Each structure stands twice: as structure tokens, then as C-alpha cells.
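Here is a short briefing to read alongside the model.

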Amino acid sequence: MNILDDLEWRGLIADCTDFPELPKRLLSGAITLYCGFDPTADSLHVGHLVPLICLRRFQNAGHVPIAVAGGATGSVGDPSGKSAERGLLTKDQIAANVDAVKPQLARLLDFRITPNTARLVDNAEWTDRISFIDFLRDIGKHFTVNQMVTKESVRSRMEDREVGISFTEFSYMLLQAHDFYVLARDHDCELQIGGSDQWGNITMGIDLVRKKLGRPSFGLTLPLITKSDGTKFGKTESGAVWLDPKRTSPYRFFQFWLNADDRDVIRYLKFFTFLGRDEISALGAQHQADPGKRAAHRALARAMTELIHGAEALEEAVRASEILFSGGTLEGLSEGTFNELVGEIPTRRLETPFPAEGGIPVVDIFVASGLCPSKGQGRKDLEGGGLYLNNHRVAEVGRLVTSQDLLFGRHLLLRKGRKNYVVMTIGG
């Protein structure tokens, strides 16, 4: 399957310029393509993944990808899809953000020396060297205001009289067009990809390449991802889902994909993973036959967590999930991942200090947690095999809980039955 056939099967083609010509060009040999992202934060988020993973799909097919960090365009702000003006970042903030996302890009693209090595460039490298007057004379003269105001990103803002659009954001499309021209001139780049909201900006670049270099170039847009329930993709109750593990832990990242809507999971497998048609079709058949087994959800969560965070982080996230939902062992679990679990289940503070010798009766601990309403009921629950300390069944009514039972020196994980958890914490 060639790259365009694969993208079409995955539902990843929103629009394409010169569609009869682009397939011919791709069949004739490797092509250099690019996708830009503006470093508006010190991490990428899952909303960036479709175009960046698409770059890797092209690289896997033998083509040469360029990721363009928007040191210049990020200083201006893209009005596409925005109902109000963005806040401006300082150059130092933008430079720091670019540095922060480089390791994330290294997980998505292959920067090793190969015939189609990926490149990461910053458009500030060429934009900062051109004066404002030269930019107006050499770039601005090739576009009419009439042409620019027809672009959806501009027109929608102009129709809102209260918000409007500043000259700064109005000029954004010229900067992006200039990027395509520079990459075509210096790196023989022939194709730009991006979300469907970038169509106007991409076609401006194609026009500029044609006018200044006298040669054709291509644009391919990808669909903006939506959720079947109408809520915004990539958002949870706690906010955006980031690729930086310090912002969104691997466990929460894993849970984000595991909790995908049943109606979306097969689409997401196509959009985001590198699983092939046969594998996804088989998962689709399993999902349709028995959605409760969640085989497709687990495949999606595993594939995405390993892609972004690596195999070791994936296994820790899987173990954390098993602890909560299957009573898995806590042995070897890191404190950071355990703290993520604490955020998922009720937590109470144990006011009773551990005695210097001996310990606290286990039934007293369960009563203090609220899992057992009384000592009598606690003893009955224990004798019935329903109480667990740190996911080990409590077998003796006289069992004492000591400081040796504390996880990371301050926690006890209590469970009653299969799914009723409480963390008891010592101290603040």
C-alpha cells in the first residue's frame, strides 16, 4: 500500500492540492515534506500528534520529513481556529519551548543518519535575517489584500466586530508562505502537510513557491480530530493531555487512551497508531463482537504510551492500571506512579500514630478508612476474605499494621472487595 492509499484508508486525508499530480510525484521517488508547529508551550499535546505522526508515516515510506519549529510564527500567533487574539510570548520563552519539545519530536521522527533522515529547523533562522522592508518588497508584493481576506481564518475574525483581527495575526499567513518558499528553495521541499484549518495558509505558500521559484508544490491537509460525544479531543477534566510526562504522567496518558469512547476507538487506532490494516480490522471485529473485553482500547493505550513514553513507562502504566482494576501486586512500583494512583482514589489521613513497639490492629485501620462501618463488621469482612492491605488479602483478625507495612514510608493501600479502595496516609 502506498502512502496516500494508507492515509485514505485511515481517514487522514481532508483535502489535497493537485490530487492527480501528487500521487504521480510520490510514485516517482522520495519527496521532502514539512509540517510546522508553533511552540506556544513547553510541551506538545495530543492535538499535535496527527500531523507529526503523519510525518513519520511519510518517513517510513521512504520520504524526507522536516519538522519546523515556529520561532518566528510563534512570535506572531496563528489566527486559524481562534476566536480571539493570542497572548504574545517573549523570544526567550519561545526558545525555551523549542528546546523542551525537541526530545518529544525525537520519539516521533527518526533523526539518525539515513537516506531520509528527519530534520528539525526553526523558522526564526531565516525570518530574523530579513528586514521588514525587504519582507514587504520581496514577499508581501506577491499577495493582494483581497486574496488574504477571503481566507477562513481571517474572514471569520473580521466578521466579529468586537474581536476583529490585528495586523500582526493578519500577516501570519505571509510568514507561513515564506517558510514554504525558503524550504523549497534551500531543501527542495515540495509538500506541506497540516490540519484542515491550515488549508488557506498552505495554498498561500504554494502560490509563493510558484511565483518566486517557478515550480509546482503540493499541500495535503489532515482532518481535525473530533470526539463522538461532542467534547473536544485531547481535553480531560484536569485539562490538556500533554506529551511531557511531568505535565501528564504516563499512567494518566495511558488512561486517556484506555477511556476512549467505544465509538471512537477504531478511528483512533487508524489515526494515531502504526498498526496495519489487518491488525486494526481484527481489533475492530473483536470490538464489535464483544466491546466489554476492550481489546481495541488496550491496544490503543499500549501503542500510544509506548510511542510517546517508551516501553518501560508503558509497563509501569499497565501495572498501575492493574493495581486499581485487577488487584495487581505493588512490588517494584515507583513512588511517582503510586502518587498518580493516590489521585485516582479516596485518600484519608491516619491520625493515630504507630506505637514504638507492635502496631495498630488491622481492623482499626479499616474502620478509620471508612471502608468498614464498625469493628464487628470489619472482623466479618476479614473472615469472609474481603479485606486487603497493599493488595494482599488479610488472613488474621489479630494482624497488626506496623511501620514496615507503609508504602514509601507513609501510605497504606486498603481495599474491600474488588474495587473499593482507600489510601491511608501518615502525616501531612
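Cys 16 is buried in this predicted model, with a relative accessible area of 12%. Cys 372 is buried as well, at 2%. Both count as buried because the cut-off for that word is under 20% relative accessible area.

**Cysteines**
- How many disulfides does the structure hold? The count is zero.
- Cys 16 takes part in no disulfide, and the cysteine sulfur nearest to it, that of Cys 54, lies 11 Å away.

**Nonpolar surface patch**
- Which helix gives the most to the nonpolar patch? That is helix α7, which spans residues 132-138 and supplies three residues.
- Is Ile 133 buried or exposed? Ile 133 is exposed, with a relative accessible area of 54%; the label applies because exposed means over 50%.

**Pro 23**
- Pro 23 sits in helix α2, which covers residues 21-28.
- The relative accessible area of Pro 23 is 24%, which makes this residue partly exposed.
- Where Asp 5 is concerned, Pro 23 is 18 residues apart from it along the chain, and the C-alpha atoms of the two are separated by 9.4 Å.

Conventions. Residues are numbered from 1 along each chain as its sequence is written. This is a predicted model: local features need pLDDT of at least 70, side-chain atom pairs count only at pLDDT 80 or more; totals for chains, interfaces and linings use all residues. Side-chain values use heavy atoms; hydrogens and water are left out. A disulfide is a pair of cysteine sulfur atoms within 2.5 Å. Buried means under 20% relative accessible area, exposed over 50%, partly exposed in between (1.4 Å probe, protein chains only). Helices (H or I, at least four residues) and strands (E, at least two) are DSSP runs, numbered from the N terminus.
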